[in-house]
Amino acid sequence: MKRWSELVRVMVPTVGLCLLSCSPRSAVRAEKASDAGQKYVALALGDNHGCGLREDGRLSCWGDRSQGQAWDQIGDGRFSAVAAGGMQTCAIRDDGGLQCWGGMSGRWKAAIPREGRFEKIAVGGSHACALRADGRLLCWGNNYSGQAPAVPSSDEYSALVAGGYHTCALRRDGEAFCWGANEEGQAPEGALGKFKALAAAFHHTCGIDLEDRLRCWGGNEEGQAPRGPTDERFKALSAGGFHTCTLRKGGGVICWGSNRAGQLEVKQDGGPYWVLSSGFMNNCALSMEGAVSCWGYEKAFSPAK
């Protein structure tokens, strides 16, 4: 198992020194964005960048632009979904096609599926997967750990998530399956039970079961993946590098795990929330009015205003 300092160098090399030496309090700052009255309806966070989908179908991105992952030249295209991971971002256009940008190789870009109509997408550390309208799953990118098999799935799925080097999906009957890197038990073989939602991070995975309770598996060195079902009921969840957040029934957020950049210090006065997303060391949430609130590592977010 890699030590924390090694993982920071792997996942966020441009800010590793500050993350290990700066005061967490100096990194705790929240911002909101409505973009001149435009409400956001979806969020996606990568390692140090984020993108928001507005109600008119346009995208706004912020944060680290070193690899083009927070591309500000998207133009007037309209999108129906967005996902981010590592230093990459992908989105589904209104016509069902895929568009990706950021720190990906030419081979990665060439492998992006060009045919079919897609409805959902997930981006991991260096791979991505998308669901076609028929429920078939297609993946591309880094497949060193088996996280992005080239052959389309034979099963039909309804949801998917991507971690650092593993992928999980919900079959249409609600049964969860994971594949890819499993050194910490984040992607065990076989059916994992039925869930309403899943979230995957660097090497842990969590899900909300049919009774709305949280269940986690995989790495837990920072307390990010508590064992056993929780007593409290939740309606949504997200997972970052070494932390996890959940959305309570009333719209409040609770997070646990690593707090090295203030990612557990939830901006509660921005809620109640209905959408939640986690990056490597930060989180963002959408209020009922469509405004964005973020907390954690401050250089990872600065929503456009």
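Author: What follows describes the pockets first, then the surface and the charged pairs.

The model is predicted. Its largest pocket holds about 1200 Å³ of space. The lining of this pocket is made of 50 residues, and those nearest the centre are Leu43, Leu160, Val161, Leu276 and Ser277. Seen by element, the strands that each supply at least two residues to this lining are E1 (40-45), E4 (79-85), E7 (118-123), E10 (157-162), E13 (195-200), E16 (234-239) and E19 (273-278). Strand E4 gives the most, with six residues. By residue type, the lining of the largest pocket consists of 31 nonpolar, 15 polar and four charged residues.

The second largest pocket has a volume of about 340 Å³. Its lining has 15 residues, and Arg107, Trp140, Gly141, Asn142 and Asn143 are the ones nearest the centre. Two elements each provide at least two lining residues here, helix H3 (106-110) and strand E9 (137-141). Strand E9 gives the most to this lining, with four residues. The residue types in the second largest pocket are nine nonpolar, five polar and one charged.

Strand E9 also marks one end of a loop that runs to E10, and Ala148 is placed in that loop. Ala148 has a relative accessibility of 5%, so it counts as buried. In sequence Ala148 and His127 are 21 residues apart, while their C-alpha atoms are 6.5 Å apart in space. A second pair of this kind involves Glu265, which is found in the loop between strand E18 (253-257) and E19. Glu265 and Gly296 are separated by 31 residues in sequence and by 7.2 Å in space, C-alpha to C-alpha. Glu265 is partly exposed, because its relative accessible area is 26%.

On the surface, Val41, Trp274 and Met288 form a nonpolar patch, and together they have about 260 Å² of accessible area. Val41 belongs to strand E1, one of the strands that supply the lining of the largest pocket. The relative accessibility of Val41 is 34%, so this residue counts as partly exposed.

The charged pairs come last. Side chains of opposite charge can pair when their charged atoms come close. The whole structure has 14 salt bridges. In one of them, Asp134 meets Arg132 at 3.0 Å, N to O. Both partners are partly exposed, Asp134 at 37% relative accessibility and Arg132 at 24%. Another salt bridge joins the side chains of Arg213 and Glu211 at 2.9 Å, N to O. Here the two partners fall into separate classes: Arg213 counts as buried because its relative accessibility is 19%, under the 20% limit, whereas Glu211 is partly exposed with a relative accessible area of 43%. Lys267 pairs with Asp269 in a further salt bridge, and the closest N and O atoms are 3.4 Å apart. Lys267 is partly exposed at 30% relative accessible area, and Asp269 is exposed at 56%. Salt bridges with shared partners also link Asp209, Glu211, Arg213 and Arg215 into one network.

Key:
Residues are numbered from 1 along each chain as its sequence is written. This is a predicted model: local features need pLDDT of at least 70, side-chain atom pairs count only at pLDDT 80 or more; totals for chains, interfaces and linings use all residues. Side-chain values use heavy atoms; hydrogens and water are left out. On a 1 Å grid over the protein atoms alone, a cavity is a set of points where a 1.4 Å probe fits but cannot get out, and a pocket is an open set with protein on both sides within 12 Å along at least five of seven lines; lining residues have an atom within 4 Å of a point. Grid points are joined across faces, edges and corners, and a volume is the space filled by probe spheres set on the points. Ala, Val, Leu, Ile, Met, Phe, Trp, Tyr, Cys and Pro count as nonpolar, Asp, Glu, Lys and Arg as charged, and the others, Gly among them, as polar. Patches are made of residues with over 30% relative accessible area and no salt bridge: like charges are joined within 9 Å, nonpolar side chains (Val, Leu, Ile, Met, Phe, Trp, Tyr) within 5 Å. Accessible areas come from the Shrake-Rupley method with a 1.4 Å probe; for residues, only the protein chains shown count as cover. A salt bridge is a side-chain nitrogen of Lys or Arg within 4 Å of a carboxyl oxygen of Asp or Glu. Buried means under 20% relative accessible area, exposed over 50%, partly exposed in between (1.4 Å probe, protein chains only).
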